[in-house]
Structures are given as C-alpha cells and as structure tokens.
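Please take a moment with the sequence and the structure before reading on.

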Amino acid sequence: MVRKLAVVVLAVAMVMSCMGLASAAKFPDTAGHKQEAAIERIASLGLVKGYPDGTFKPDAPITRAEFAKVMVCALGLETAAEMMATTPTVFADVPVGYWATGYINVAASQGIVNGYPDGTFKPDAQVTYAEALKMILCALGYRPEVFRTVVWPVTWVAKAMELGLTSGVPLATGAAALPANRGDVARLVDNALTVDKLVQKGYGDEVTYEVKEGETLLKDLGYHKVTPRIVDIYLTDADLAENEVKGSDGETYILPEGTDVVALLGLEVKMWADDDGNVSHYEVATAADKVLYDSVASLPTGKVKLLVKDKEYSWGTDAAKLVNFDDSGTVAVGQYGRFVLDDKGKVVFAVLFDFSTVKAGLVTEATSAKVKYRVNSSTKELKYANYDGVYAFSPQLASLKVEDITADSLIYGWADDNLYLIVGGQKKEGELTAASSSKVTVDGTGYGLPKLSGVSATYSEDNDETVSAFTNPADALANLLGEDVVLILDLDGRVRHVRGEVTAVSGIQFGVALSGTAATFDYPARIKVLTKSGTATYAFEDKGDFTQLATVVDAVYGWTGDPNIVVAFKLNADGEIADDQIAVVKIEGQSASLEPAGSEGGPGWVTDYDVDLWDGPEADKDDDSISTGTDVAYVSSSTLLFNQITEDDKDVKVIAWSDIEDKNLSPATLVVVRETDNLDAVAVWFVDGYSSVVTEALYGVVLDAPWRTAAGWKAKIDVFGEGEKEYLIANDTARGNLAEGYAVTFGLDAAGKINSATRPNTATVTSAVYAISGNYLKFQVEGQPPTSWYRVADGAVMYQVEDDAIDVAIGVGDLEVDDSVKYVLKDNKVVALVREVVTEGAPAPGQLSVTISAPSVFDDNTDKLVVGITNPEQNQTYRLFVLEGTTLVHVSGALQDGAAFTASDMELSGGKQYKAEVRRDSDGAVLATKTFYTASGYPQ
C-alpha cells in the first residue's frame with residue numbers, strides 16, 4: 001500500500017538528529033553555499049537538522065558526539081541507539097544520561113568509534129576531517145584489520161580519497177587534523193551514501209573482504225537511487241495526486257508535499273525512493289542545454305523546426321508529444337512549450353500548449369478573482385469562478401499562483417473545465433533608438449515582431465490611455481523615436497507591446513454630420529456632429545470651407561436637404577474646424593474613399609486612411625475584429641461604431657461593439673476606416689442591413705408552438721442561462737424551426753426579434769443515449785459510432801417531449817441508456833436537450849407497419865434481430881436483406897411477422913457494421929432499415 005510522506009519534528013534542541021521521512025530542508029544561510037546541495041540531500045533523509053532559528057550554520061564546527069549520531073542514523077540504527085541510551089558506555093567521559101550515550105554505544109559496538117588511548121571519547125571535542133573520514137569508512141566496512149598497515153591518519157585519508165568520499169571537499173596538506181565544518185561534513189556523508197560497502201567473507205583464517213555491489217548506506221536507510229524520466233503528473237493522469245509522478249520505468253513516486261511536478265514533466269530526475277515510492281530527495285538529471293523553450297515554426301517530415309532557435313530537430317523514436325497535457329493532441333505550428341533532447345540532439349519529450357482558446361493578452365488589471373487583459377487593442381476579462389480550477393505557469397513551466405499575475409503580465413492560455421495560463425511578459429526599458437519595417441530597437445538592441453502568437457503587436461503614445469495594433473514599426477512608432485519606452489516581450493522574445501508618451505497626438509476625429517437641424521449645412525457656418533463622445537456643434541475657422549463642404553456633399557451624393565454624412569476633421573485651438581481640415585466619406589458603387597472638402601482642395605492627411613466597403617464581413621468576438629476573410633480591422637475602445645446611416649434616418653446613433661460582435665453580418669454592408677500603417681479600425685458604420693444583424697447565438701427548448709399576435713408571430717422558449725422568454729419572430733424561415741418541443745439555436749435582430757433559428761444536426765436523425773457517467777453523456781446516431789463524452793452544462797434546459805408536445809422538465813438523473821434524444825451543444829457542452837417519447841398504438845386498420853429491432857451490438861449468438869410485419873399487403877412478399885457497406889451478405893426467404901435471426905443465421909463476421917433492410921418483392925421498396933454492429937469478439 002502506498003503511504004504518504006510524513007514530516008517528523010523533534011522537540012529536542014539538538015544540532016544533529018535522526019528523523020523519519022522528511023522533505024528536503026531549505027536553510028536561509030545555505031543558499032549559494034558550495035555545499036548547499038549536499039546539505040539539502042542529507043537533510044531530506046533526516047540525518048541533520050538546523051538550529052532553532054532555522055539556520056544550518058554550514059561553516060560552524062561539529063562535535064564528535066554529534067557526528068557519531070549522524071553515522072548511526074546513516075546505518076538506520078537510531079532505534080537501537082534509543083534502546084541503549086541507559087546502558088553504560090566503555091568511555092569514562094560518556095556517562096549514562098548524556099544526550100548521545102545511546103548513539104555512542106551503538107557506534108562503538110559497530111566499530112565506528114574506538115576512543116582515545118586514555119579510555120576517553122571526548123564527545124564535545126570538535127571532530128577533525130580525519131576522524132570524520134575514519135568513522136565513515138568504518139561504517140562502510142573498512143575496519144583497521146582490512147588494511148595491511150595502518151598509519152594514522154594517512155591510511156584513512158588515502159582510502160577516503162580513493163573511494164571519492166572527499167569529492168568536493170579538497171583537503172590541503174595538514175587539513176586532515178583540522179576541525180571539520182558542518183557543510184563539509186554534510187558533503188562527506190552525502191558522498192558516502194551511494195558507495196558500495198566492504199563486507200567480510202568467511203571466518204578465522206579464511207576471512208576475506210569484498211565490495212558488495214548495491215549494499216550502501218542509502219539502502220540501510222530504506223532507499224534506492226532511480227533516475228527515470230517523468231512521463232505523467234496529475235494534469236496528465238487524473239489518478240495521480242498533486243505530489244505524485246509516474247516514471248518511464250512504470251513506477252509511481254511520491255515526492256515531498258509542495259513539489260512542483262509540472263516543472264519536472266518530461267525530464268530525467270534522480271531520486272532517492274523507498275520501496276513504497278516515497279521520495280526523500282530528487283534533483284533534475286537532464287542537462288540544462290538539453291531543455292529548450294520555444295515555439296513550433298514548422299513541421300518538416302519527421303522533424304520540428306523551432307522559431308527562436310531557428311533550427312530543425314528530429315523526433316526521437318517513440319517521442320512523447322503532449323498538447324495541453326494530453327497525449328492525444330496534435331502538434332501544430334504556433335504551439336509553445338518545452339522540448340527535451342536526448343544525447344543525440346533528438347526531441348524525446350515535448351510538452352506543448354495550444355493557445356487558441358485564450359489568445360495572448362497583456363494584463364491591465366489582476367485580482368484574486370479575475371484578470372483583465374488586452375488582445376490587440378480591446379479589453380477582455382477572465383473570471384476564475386467560471387472554471388473548476390485555475391492553473392498558472394511560468395514560460396519555463398514552473399507553477400505559479402494567480403497572485404503572481406500582475407499588470408503587464410502577458411498571458412496565454414487554454415480552457416476546458418479548468419483554465420490554464422502561461423504567464424510571461426519580460427520587460428525591456430530604454431530609449432527607442434530605431435524602428436524599421438520589422439524591428440524595434442531599444443538602447444541599441446533590436447527586437448522582432450510576433451510571428452506565431454495570432455495577435456498583432458500594440459503600442460501606446462500616451463502611457464496606455466489609448467492603445468493601437470501595428471504591423472509596421474517604422475510608421476506606427478515614428479512619434480516615439482527618441483523617447484523612453486517600455487517593451488513587453490512575448491514568449492519568443494519578440495515585441496508584444498510598446499508603451500511611451502509623446503507630447504502631441506493626432507487630433508483627427510470622425511463623426512456623422514447630422515441632418516434635421518436648421519443650423520446644419522446652413523448659415524451661420526457650423527455643423528452638428530455625432531462623435532464617440534456625443535453630439536456637438538462646430539463652427540468653421542474658414543467660412544469658405546463650410547460652403548465647399550455643402551458643394552462636395554451635393555456633388556458626391558446628390559442628396560437634397562440636410563443629409564447625414566460621415567466626415568473627418570481637425571479642430572484648432574479654439575475648438576473650430578481648422579482651416580481646410582475637413583473631408584467627406586465618399587461611397588461610390590462598391591468602393592468608398594475620403595474626399596477632401598476644404599476650400600483649398602482638402603487636407604493631405606486623407607491619404608493616411610484606408611476606407612473600404614465590405615459586404616457581409618464577420619465580427620469575431622475572440623479577436624475583437626471585423627474581417628472579410630482576406631482583410632481584417634481590429635476594434636478597440638477608441639473605434640467609432642454607428643448603426644445604419646442613410647439620408648433621411650433620424651435615428652443615427654453610436655453603438656457598442658457588443659451589439660454586433662459574433663453576429664451574422666452577411667446581409668449587411670459596412671464602411672470600415674483604418675489607418676494605413678496598421679489594422680486598427682478608426683470608424684465603422686452600416687450602409688444597409690443593420691436591422692437584420694443577428695445577435696450572438698442563444699440556445700433553448702421551444703415551449704409553445706408559435707402563435708399569431710397583432711404585432712406578429714411569437715414563440716415561447718426556455719433559454720439556456722436566461723429562463724423562459726417570449727420573442728416575436730421576424731420571418732417564416734425562422735418560424736418553421738420553432739415548433740413545440742424543438743431544441744434550437746437561435747438569434748435576434750437589432751429589434752430583438754428571432755430572425756434565425758436552427759435545429760441541431762440531430763434534427764432529422766434521432767440520437768440515443770449511449771452511456772451515462774455522472775454529469776457526462778455519450779450519444780449514438782443509428783448507423784454511426786458513439787460520440788465522445790459531452791458534459792451537461794450547469795443549468796442546461798432539458799425536457800421530455802411526448803408525441804411532439806412538452807411533457808415535463810427533466811434532469812440528467814432522469815435519463816436512461818437508449819433514450820431517444822435531440823440536443824444542442826455550446827462550447828462542446830450540452831445546453832439544451834429533449835427526450836422524445838412516442839405513444840405507441842395499433843396501426844390504423846389495413847395500414848402496413850414494418851419494423852426491425854436488433855441490439856446495437858451482437859454480443860454473442862443468442863441475440864436476435866426481429867422483424868415485425870403488421871397488416872401485410874395482399875399478394876406481397878417481404879424479405880430481409882443484410883448489407884456490409886454496399887455488399888449484400890444475406891437474403892432471407894419470405895418473411896412472416898416476428899421472424900427472428902441470429903448472427904450465425906445471417907453468417908455475419910465479428911467487429912463489423914451491417915445494415916438490415918426489409919424490401920417488398922414487387923417493386924423492391926425498402927420498408928424498414930436497421931444498422932447494427934457485431935461484437936469484436938464474435939467469431940470471424
């Protein structure tokens with residue numbers, strides 16, 4: 001039975017102590033000490049402990065009594081020492097009652113200590129290097145009688161050097177007689193733990209001595225040394241506890257509580273383990289230069305090319321490839337992680353991460369409950385309460401706490417029921433000295449732009465008050481040249497964000513010059529404009545610009561009266577539209593552009609913007625972008641968004657990104673304005689189709705068949721996450737998919753009406769519940785293999801439908817295997833489901849009814865396929881046809897009601913899919929079908 005490590009704390013104020021199983025001690029005064037590793041190793045075995053203040057004092061001396069105790073403990077004889085604590089010693093100066101009496105008794109009985117010629121032991125004297133080496137050698141079986149000649153201390157020191165006991169403790173001439181310090185003694189004992197003992201063979205005149213391989217002090221303590229590769233941890237194998245690992249040797253090891261096992265995944269680790277798998281000490285054996293942290297740049301056949309290394313590496317034979325801690329994942333370009341190489345430079349273990357579900361973002365705010373971060377120039381939020389667990393790691397896969405995530409951290413992640421985050425964000429500060437088309441140079445060091453993160457680099461000229469994405473540093477960062485900036489680097493050491501501050505920022509604004517007011521396009525020379533910050537009326541610095549604006553609007557659009565028109569303009573210091581600084585957005589055919597509208601021919605800055613007319617683009621919530629598939633514009637908090645702008649529409653208004661994100665924009669046409677040197681959207685508005693824009697998908701079960709009202713058709717739906725609601729229906733197509741008892745996905749237009757509704761892919765094919773496990777379900781569509789497991793979402797909408805009408809609300813616990821269901825998925829979770837129950841009755845008089853029943857899988861030859869024929873037609877013959885794919889494998893004789901067949905009757909093979917059909921002889925019509933499988937164990 002596997003047992004957990006227990007830490008035993010002794011209340012005795014001793015400098016050296018024997019302890020039970022213990023995790024490696026960490027002493028504040030040994031950090032960086034030359035013997036730090038050795039001290040921690042023997043402390044993990046309980047051979048030494050620190051002082052009451054927590055220190056170890058590695059350079060302090062150690063007494064002979066204290067060291068005798070260490071050696072008794074190293075032999076695993078501390079229990080014997082406790083029993084002999086009240087037995088008089090052979091030494092005159094070690095009385096009964098002395099704290100180390102029992103240990104000195106055992107050390108003397110084992111020949112480890114002999115004392116001085118005067119019969120004393122001098123327990124409180126400082127042990128010398130030579131004395132310590134002699135005690136260690138005696139514990140290893142090297143007694144005086146082993147040597148042909150014994151010369152103190154030469155014999156002992158020479159043998160210790162030969163066995164490697166003094167490795168790491170160089171002894172200068174004369175040093176053997178000096179007092180040994182605690183750190184060096186720890187190293188001497190550490191060196192001795194894995195040295196094979198010398199054992200006696202025979203007795204009397206036949207005595208010989210030989211080295212016994214595998215007999216060590218470490219074994220005496222109940223441990224053996226292993227060096228497996230760590231192939232599984234609790235995140236890859238749910239059966240493992242957080243401090244357990246599985247090695248490449250197939251064994252499970254229990255590491256000290258608090259061990260960061262994620263940091264060990266894929267590495268070879270040297271461990272001291274007992275027979276139950278408890279580990280007292282471990283250290284990474286894989287050389288640092290064999291562990292790479294990089295991104296996949298490409299995947300040549302049999303190889304992987306890494307981005308930062310810019311080098312190809314072959315995959316080793318049977319190389320382990322984990323993607324998001326899953327060995328069934330697929331390695332792909334863009335994934336980041338740990339690559340472990342063997343001695344030949346081949347990748348033998350890869351721990352990779354696919355960040356497609358939580359795209360890279362720069363943290364703007366972090367608390368213990370949530371994190372806000374910016375992707376491109378838009379802000380997103382992750383609430384930790386939405387996940388079963390939250391796991392955070394450094395770029396080198398060291399485990400972190402969510403408290404370690406701070407502003408300016410760069411997070412990458414993925415999510416299932418849990419949230420996993422890689423937390424980076426290395427900072428570089430200095431003067432922005434150069435910016436080329438592909439590189440940013442700070443204090444003379446160049447940094448490239450992201451290649452594989454799936455997001456653009458961003459910059460701010462006002463210390464993150466406004467943030468924009470960029471692709472060309474030379475253009476975007478021109479105002480920041482010569483300024484002090486902060487660079488945030490991504491996992492590959494490339495620029496993710498540039499932050500600085502400049503004295504002047506462009507004052508160009510976009511807005512809608514509104515119609516419907518006497519002051520608009522009329523004297524006095526001013527216009528009323530709707531902008532991001534609201535509606536304001538602006539006068540013109542040059543009255544001629546006002547006249548020219550009206551002329552241009554009339555020439556461009558041919559509109560009469562006071563039209564709504566989008567304008568771009570700059571203001572002077574007095575808040576007036578600056579001289580010759582106004583332009584009109586011109587829409588002509590399938591294109592759009594900025595048309596200068598000033599009296600002097602217009603401003604040159606109109607060429608700084610790309611103005612495009614896009615039909616039916618996508619609005620991607622994850623990326624905060626609008627795209628056509630070939631072109632993209634990123635939406636941020638500074639982007640100006642309008643609803644539909646027409647000549648006579650009096651309801652022009654600013655809308656929010658949330659009004660259209662993840663919406664179906666296919667019926668709409670939009671004008672998109674971007675700066676020419678980046679992909680950020682400056683302004684976006686609808687030319688037409690806004691009223692038909694669909695909201696993000698909603699999910700639920702239709703409770704009542706649609707009914708007509710004075711306002712139009714309505715439907716009542718129990719909506720996942722929102723409860724029962726009634727909606728008007730915008731069109732007949734949507735209404736056709738809203739019958740009572742339907743599980744549906746639907747969307748709303750801008751007026752809140754249902755303008756799209758779809759049934760799931762099981763709408764015309766009923767699924768059966770194949771398996772149930774707690775809150776998880778598997779389904780099977782007839783003739784197809786079972787699905788994977790789906791989790792039923794909390795609050796999922798679930799009903800029983802009887803004869804196409806809502807019967808009763810149900811839960812997962814009400815479902816049974818083989819229930820007929822239709823279901824809707826969101827993010828691979830079941831959010832709406834109906835269980836279908838059909839009231840069976842006798843067929844109408846004279847009505848033919850043909851059925852085929854069969855188990856989903858023939859487990860053995862006792863299962864039967866049964867054909868039911870009710871009210872057969874006169875003078876007609878029916879036969880059973882069995883096909884494997886398109887190959888006919890069986891035809892029956894004329895069928896009667898209740899005809900039954902076994903797998904052997906039909907001469908079927910095991911482990912295959914078959915389809916049974918009942919056909920009418922006269923015209924070959926197929927009257928009933930059934931698909932089934934034969935068990936793989938059935939005879940071939």
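What follows is a walk through salt bridges and a charged surface patch in a predicted model.

The structure holds 35 salt bridges, and one of them brings together the side chains of lysine 197 and aspartate 220, with 2.3 Å from N to O. This pair links distant parts of the chain, since lysine 197 belongs to strand 1 (residues 197-201) and aspartate 220 to helix 8 (residues 217-220), 23 residues apart. Lysine 197 counts as buried because its relative accessibility is 15%, under the 20% limit, whereas aspartate 220, at 28%, is partly exposed.

A second bridge joins glutamate 268 to arginine 229, their closest N and O atoms lying 3.7 Å apart. Here both partners sit in loops, glutamate 268 between strand 6 (252-254) and strand 7 (269-273), and arginine 229 between strand 3 (224-226) and strand 4 (230-232), with 39 residues separating them. Glutamate 268 is partly exposed at 31% relative accessible area, while arginine 229, at 16%, counts as buried.

Further along, aspartate 819 and arginine 835 meet in a salt bridge of 3.0 Å, N to O. Aspartate 819 lies in the loop between strand 49 (805-809) and strand 50 (820-826) and arginine 835 in strand 51 (residues 829-837), so the bridge ties together parts 16 residues apart in sequence. Aspartate 819 is buried at 14% relative accessibility, and arginine 835 is buried at 12%. Elsewhere, salt bridges with shared partners join Arg374, Asp408, Lys427, Asp464 and Arg499 into one network.

Glutamate 429 lies in strand 21 (residues 426-435) and, at 58% relative accessibility, counts as exposed.

Methods:
Residues numbered from 1 in each chain as written. Predicted model: local features only at pLDDT ≥ 70, side-chain atom pairs only at ≥ 80, totals over all residues. Heavy atoms only, no water. Helix = DSSP H or I, 4+ residues; strand = E, 2+ residues; numbered from the N terminus. Buried < 20%, exposed > 50% of the residue type's maximum accessible area, 1.4 Å probe, protein only. Salt bridge = Lys/Arg side-chain N within 4 Å of Asp/Glu carboxyl O.
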